Amino acid sequence: MDLKEKFFEILPEVEKPGRYSGGEWNSPDLKKPVKGDMCFCFPDLYEIGMSNLGIQILYEIVNDQKDFRAERCFAPGLDLAKKLKENDIPLLSIESKKPLKDFTVVGFSVGFELLYSNILYMLDLARIPFFAKERDESYPIVIAGGPCSVNPEPFKLFFDAIVCGEGEEVDLEILKIVTEGKRLKLKKREILEKLKALEGVYVPELYREGERVKKAVIEDFEHAPSLRRPLVPTIESVHDRATLELYRGCASGCRFCQAGFWYRPIREKSADACFDQAVSMLKSTGFSELSLCSLSTSDYSHLEELEGRLNEFCDEHRVYLALPSLRISSFKPGMVDKSRRSSLTFAPEAGTQRLRNVINKNVSEEEIDKISVAFEAGYDSVKLYFMMGLPTETDEDIRGIAEIVRRLQGIYKSLRGGRIPNISVSCAVFIPKPCTPFQWEAQISFDEMRRKQNFLRGLLSKIKGVNFSWHGAETSVLEAALARGDERLCAVIVEAYRLGARFDGWTEHFKWDVWQKAFENCGLTMQEYTRERAESEPLAWDFIDSGVTKAYLLLERHKSREGVTTKNCREGCNGCGALSRGRCTVL
Amino acid sequence: MKTVKFAKLDSFTFISHIDMLRHMTRILRRAEIPVKRSNGFNPHALVFFSPPLVLGARSFAEYVSIDTDMPLEELLARFSASAPDGMKVIRGFEEDKNPNLQGKIVASDYVFDAPYSPINIEKFEISYQKKGETVNEDVSSKLFCAWEREGKLAMRLATGNTNLRPDRILSELNARLGASLRVTDIEKIAQYVEIEGKLVDVDEYLTTIEMI
């Protein structure tokens, strides 16, 4: 019996077998003879992984090649993992049901610190040794990429190569080089040397002190390969729709936001290119929903033109056009009229103007009041996102959150004759991240998180009709420790996995005691990583060159301490340094 | 109204009925088949299915009825070109009105992938889990007949309002046959409606019988 048959036999016994069965529309032709293949791995469940835009883009790029094929693998649920082990089946790709171990390249997309343990979970099931140095020529070259490549140190020992930055060009290059290297029976080290020469590729084993790794950037985003035939999930996934990326980067410069600095320079696509791509995606998938996706969609220069054209197309084809990630300051009455949603989402992030200036979230009180436009248009639910534990935060700032809620209720009442709106307040804990002006900041202590959460809950409980949710303090501490970690954390992650850590991003699976024990067993503490860093202290990720200079980040940090804001990049260049990595199209 | 008879194979045997419905809308959109919509506050596409298939089983007799003015031949060609590999179009039918297969189908034929041997279907008691509780049931009345088909065991089971899921009889079947059948060994080959007390194959019903 072949592996596929054996695998299909156990599928009826697991939850949602459609996660693993494959056969999605727009899957590649499995009969095409290829020279090399790559398995894209996403260390979370199918429903999450299928919603990842990065994987879909890279997958299509590889599958568009004559001689190469891309397949996928997501983290199997715990029930399937158990069955795989019991039935002696290694982890298989979704498309051809081929063991990961037999691919030319295995590439992990790492987008979130709490997925680190699941990298090992997948390697373990795939029967691939954890550490790159334990893998000889008989194994695939195992690489990583994705947003966490901002600081690859905590997971660097698991990978032969790590793509820092955008993978559209470099991933395919890697696949070609490895395929050729394997054909010529080169030593693994020789292959790695060739990979190291590529811009954006970090080869931990060959790294020499003092070297800088330049982030890979798609300079010509307008003409870069764009997603046209996304896979259509067979079972419902988290984002079950076509997603259109309007631009990379962000002009706002919020000081806590890693993506806002990491994805610079800002590169916008023309409305023509966006429209064209949207139509291709909708026609090739049959999706009935299209979402516009960028770091701050409503700031897109050609939004009005694009929206007009898309609205027309979507009306005619019964497609629902969703506009997520709206900033209050760019909110216009017309935007609400078209959509049929009853709930709006806004992120003021901090409760007072003073603190919003510190974090450079340039949203003023008057602008928050603009939600009245939505209330007038018939909306009666508002979701508000805040953070707590921001640098310089006091209880006054927490009180400010409750004040905003009260004010919005007041506005609603005056417009809607005394009724109250549904207001949800979601408050995350601030996590200092690499490649931001706050990369030196301390995270507040575990006890302080609890105290602040209780304080805010107390304040909000006095206001009628408010729903309050918050992030777990435990996962916030772990995420912070891993985000600014160094290579010593590789051992901690292995230890945590050994002790049972899996799916740490899922509340029902997260095991706080396991992670505490893992740090302890390795002679480390999380506090060592969540503390404030001296400005003179070398940082684990200093060797990564994102374009944005350390001097600029430092300057921004100092400005934040003085409560001085920085203007939006659209109003003029602030000199962050990203221009060295390509043209900023909003200038 | 047009009805497409299709097979559900390979990876698509693991797609649940509800996911199938979502998928069907997308196939029709990709194929650019104009589907009529219901009137009312929340209009929906007029697309109707035969009863759900058990997850994991193959089928060569699934039906979907679509309210469209597109000529049948064009519809079948477009549908085929836009359906994933796990769904194969078998044939098409044209009717004056919705054949309401979901409501009318009363029986289905299944082939079980085990060498045929005569089997006693009297006093067929099964036990299965339903909402966390063990149910014991004598299903003889829902088990119409058994016969040999290409060397394998075939059975006709009640489907629809009175329903017998083929996976639920597996353990009893295995005990009686000394086999080790799994849900992936089940294949649906035909479905029936009841007309004047007689079972009529859906294909025949859609082609020759005047609809009631």
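Reader: Where does A:R318 lie?
Author: In this predicted model, A:R318 lies in the loop of chain A between α11 (303-316) and β12 (320-322).

Reader: And what is phi there?
Author: Phi of A:R318 is near 50 degrees, which is a positive value in a residue other than glycine. Most residues other than glycine have a negative phi.

Reader: Is A:R318 buried or exposed, and why?
Author: A:R318 counts as exposed because it has 11 C-beta neighbours inside 10 Å, and the exposed class takes residues with 12 or fewer.

Reader: Which residue of chain B has a positive phi, and where is it found?
Author: B:N100 has phi near 50 degrees. B:N100 is found in the loop between β4 (87-94) and α3 (101-104) of chain B. B:N100 counts as partly exposed, because 14 C-beta neighbours lie inside 10 Å.

Reader: Where is the cis peptide bond at A:P265?
Author: The bond runs from A:R264 to A:P265, and its omega is near -5 degrees. A:P265 has its place in the loop between α9 (258-262) and β10 (267-268) of chain A.

Reader: Changing topic: what is the strand order in the six-stranded open sheet of chain A?
Author: The order is β2-β1-β3-β4-β5-β6, with mixed pairing. The edges are β2 (68-74) and β6 (201-202) of chain A; each has a single partner strand, so one side of each is left without a neighbour in the sheet.

Reader: What does helix α4 of chain A touch there?
Author: Helix α4 (residues 53-63) packs on the sheet and touches β1 (36-42), β2 and β3 (105-109) of chain A. The direction of the helix makes about 155 degrees with that of β2(A).

Reader: In which sense do β4 and β5 of chain A pair?
Author: Strand β4 (residues 141-145) and strand β5 (residues 161-163) of chain A pair in the parallel sense, over two bridges. A:I143 stands opposite A:A161 in β5(A).

Reader: What else does A:I143 touch?
Author: Apart from A:A161, the residues that A:I143 touches include A:V105, A:F159, A:V163 and A:I174. In the largest nonpolar core, which has 208 residues, A:I143 is among those with the most contacts, along with A:I119, A:A161 and A:I174. Helix α6 (residues 116-126) of chain A supplies the largest share of this core, eight residues.

Reader: How many residues of chains A and B are in contact?
Author: 21 residues of chain B are in contact with 19 residues of chain A. On the side of chain B that touches chain A, seven residues are nonpolar, six polar and eight charged.

Reader: Into which domains is chain A divided?
Author: Chain A is divided into domain 1 (3-214) and domain 2 (344-469). Their C-alpha centres lie 40 Å apart.

Technical notes:
Residues are numbered from 1 along each chain as its sequence is written. Chains are lettered from A and ligands numbered from 1 in the order in which they are written. This is a predicted model: local features need pLDDT of at least 70, side-chain atom pairs count only at pLDDT 80 or more; totals for chains, interfaces and linings use all residues. Domain bounds come from an automatic or database domain assignment. A nonpolar core is a set of buried Ala, Val, Leu, Ile, Met, Phe, Trp, Tyr and Cys residues joined through C-beta atoms within 7 Å. A residue is buried if 20 or more other C-beta atoms lie within 10 Å of its own, exposed if 12 or fewer, and partly exposed in between; C-beta atoms are placed from the backbone. Helices (H or I, at least four residues) and strands (E, at least two) are DSSP runs, numbered from the N terminus. Two residues are in contact if their C-beta atoms, placed from the backbone, lie within 7 Å. Ala, Val, Leu, Ile, Met, Phe, Trp, Tyr, Cys and Pro count as nonpolar, Asp, Glu, Lys and Arg as charged, and the others, Gly among them, as polar. Two strands pair if DSSP finds at least two bridges between them. Axes are lines fitted to C-alpha atoms, for helices over the stretch in contact, and angles run from 0 to 180 degrees between N-to-C directions. Lists of a residue's contacts leave out its neighbours within four places in sequence.
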